[in-house]
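Q: Got a model open here and want to go through it quickly. Can you take my questions as they come?
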Amino acid sequence: MPHASATPPPTLFCLHFLGGSAREWDGVARQLGEAIRCVALDLPGFGDAASVPGTSVAAMADHIAGQIATLAPAHWWIAGHSMGAKVALALARRAEDGDPTLAGFEGLVLLAGSPPSPEPMSEDKRQEMIAWISADAGTRHAKADEFIDQNTGVPLQEPDKVRAVADVLRADPSAWIAWLEAGSREDLTRCIGVLRSPALVLSGSEDADLGAAAQACLMLPHLADARHIVLDGAGHLLPLERPETVAELVREAMARPTGLCPVPVPVPEAYEALIVSPRVNGRLRAALETRAEPDDPAYRPTVLNAVELALLRAVVDRVLPQPSEPRIDIGARIEVRLASGTGDGWRFVRLPPDPEAYAAALRTLDVASSATHAVGFLALQTQVQDALLAAVAEGELPTVDGDLDGPQMKLWFEDLRGDVVRTYLAHPAALARLGFSGIGAGGDDSERLSGFTELGIDAREPWEPIAQGTDVR
């Protein structure tokens with residue numbers, strides 16, 4: 001009797017950094033062994049694909065997608081390092097949107113990743129890197145050697161260092177320049193949106209440009225189900241610096257059960273009973289049931305981009321913290337309202353319409369954070385966030401080159417606080433926490449409105465809910 005064939009291992013497609021090649025993944029592949037099939041690929045213009053054309057993110061994604069489709073594994077993840085991460089994100093978006101050639105996609109590993117937004121790189125550094133890649137052979141070799149050293153926390157072992165320098169030198173200079181001038185500057189923030197697939201995000205504590213702060217501010221907002229780990233002492237070249245650690249973390253990530261499901265905020269049974277009782281009219285009951293529907297953890301904003309939505313959620317968390325889980329996603333609910341074009345019918349004359357005001361204010365807040373604390377708002381400690389928001393509330397936000405000025409930010413923050421409280425109190429779980437009984441004033445029979453009979457101070461009627469206690473501070 002023939003033996004059933006063993007289930008093939010999952011596949012991990014691996015994409016390299018700027019100036020690297022598929023060879024940078026050799027150490028990780030050895031550590032993964034046979035449990036995970038590691039398929040490292042060269043991006044156009046680099047490694048063995050140095051002569052392959054196509055330097056935009058979309059063109060590189062097309063090239064890799066063709067190779068994935070040829071192999072067509074049943075279960076696969078994609079790992080992207082630095083430049084390769086931006087391409088990996090583009091492929092993940094295509095897969096989640098139903099591209100049949102990318103069937104079987106299950107998750108992401110992003111190492112010191114180039115985010116969907118333009119890379120945070122100084123113009124001086126960009127121009128220096130563009131200049132030396134086309135210089136004479138001696139200068140190129142010296143600069144390539146320096147480039148590798150600058151991107152590691154601890155110098156690489158000699159064989160790895162020699163191969164890494166050789167990869168930089170065999171890259172097509174036009175592809176190198178194209179990435180620095182165009183690819184790294186592409187803004188795919190809205191295109192990528194928010195991915196629901198599980199993701200492992202790795203960064204090095206010594207990585208100056210794409211380290212932990214950059215990942216927190218620019219990468220994590222695009223990942224609904226992400227685990228971010230900072231490798232202490234490591235620089236930018238994580239697969240070369242820490243192959244054992246990277247492999248171990250990849251194994252853990254790929255073994256974790258997948259599936260991101262909305263979780264409703266529970267409404268106490270007694271309050272649920274009141275909602276469905278004849279004391280509540282049908283229109284209000286339908287509205288309350290709609291408001292109780294669970295929030296999508298991978299909600300894709302339409303007016304704000306993913307980073308702006310993450311900023312909004314962070315601000316909401318400071319205005320009205322909800323320590324318990326699951327929480328009402330007030331930020332996403334406000335974004336839904338902004339996208340619908342509905343509101344309370346007025347706005348401050350000094351502010352643009354709500355959708356524009358929110359986006360402009362969130363960008364200004366992030367610029368102010370970077371100007372005063374050297375990192376974006378999302379990377380700040382909560383105490384520092386509170387101090388910055390207190391300055392906004394007083395109209396004393398430091399002068400920055402943002403979209404709104406201090407007085408406008410004060411008006412917006414006043415508006416936001418009203419939106420936050422109104423959105424929170426619209427949810428039946430919040431009403432139950434407060435013991436609000438006004439929903440039971442009367443049902444659908446206008447001739448038999450129930451109303452209230454106990455009108456004394458602290459007098460309660462038998463049907464009125466008891467406050468469940470708040471979970472806000």
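This is a predicted model: local features need pLDDT of at least 70, side-chain atom pairs count only at pLDDT 80 or more; totals for chains, interfaces and linings use all residues.
Q: Is Ala72 buried or exposed?
A: Ala72 counts as exposed because its relative accessibility is 54%. Exposed means over 50% relative accessible area, buried means under 20%, and partly exposed is in between, with a 1.4 Å probe and protein chains only.

Q: What about the phi of Ala72?
A: The phi of Ala72 is positive, about 45°, though Ala72 is not a glycine. Most residues other than glycine have a negative phi.

Q: And what is the phi of Ser82?
A: Ser82 also isn't a glycine, and its phi is positive at about 55°. Ser82 sits in the loop between β3 and α3.

Q: Is Ser82 buried or exposed?
A: Ser82 counts as buried, because its relative accessibility is 6%.

Q: Next, Met83. Where is it, and is it buried or exposed?
A: Met83 belongs to helix α3, residues 83-96. Met83 is buried, because its relative accessibility is 1%.

Q: What does Met83 touch?
A: Not counting residues up to four places away in sequence, Met83 touches His16, Phe17, Leu18, Leu43, Phe46, Ser114 and Trp179. Contact means heavy atoms within 4.5 Å.

Q: Switching to Ala103. Where is it, and is it buried or exposed?
A: Ala103 is in the loop between α3 and β4 (105-111). Ala103 is exposed, because its relative accessibility is 52%.

Q: What is Ala103 in contact with?
A: Pro73 and Trp76, leaving aside neighbours within four places in sequence. The C-alpha atoms of Ala103 and Ala74 are separated by 7.5 Å, and the two are 29 residues apart along the chain.

Q: Now the sheet. What is the strand order?
A: The 6 strands run β2-β1-β3-β4-β5-β6 in an open sheet, with parallel pairing. Two strands pair if DSSP finds at least two bridges between them.

Q: Which strands stand at the edges?
A: β2 (37-41) and β6 (223-231). Each has a single partner strand, so one side of each is left without a neighbour in the sheet. The twist averages 20° from one strand to the next.

Q: How many bridges do β1 and β2 have?
A: Strand β1 (residues 11-15) pairs with β2 in the parallel sense over 5 bridges. Among them, Leu12 has Cys38 in β2 as its bridge partner.

Q: What does helix α2 touch?
A: Helix α2 (residues 57-71) packs on the sheet and touches β1, β2 and β3 (76-81). The direction of α2 makes about 150° with that of β2. Axes are lines fitted to C-alpha atoms, for helices over the stretch in contact, and angles run from 0 to 180 degrees between N-to-C directions.

Q: Last one. How many helices are in the chain, and how much of it is buried?
A: The protein chain has 19 helices and 6 strands. Of its 473 residues, 49% count as buried.

Notes
Residues are numbered from 1 along each chain as its sequence is written. Side-chain values use heavy atoms; hydrogens and water are left out. Helices (H or I, at least four residues) and strands (E, at least two) are DSSP runs, numbered from the N terminus.
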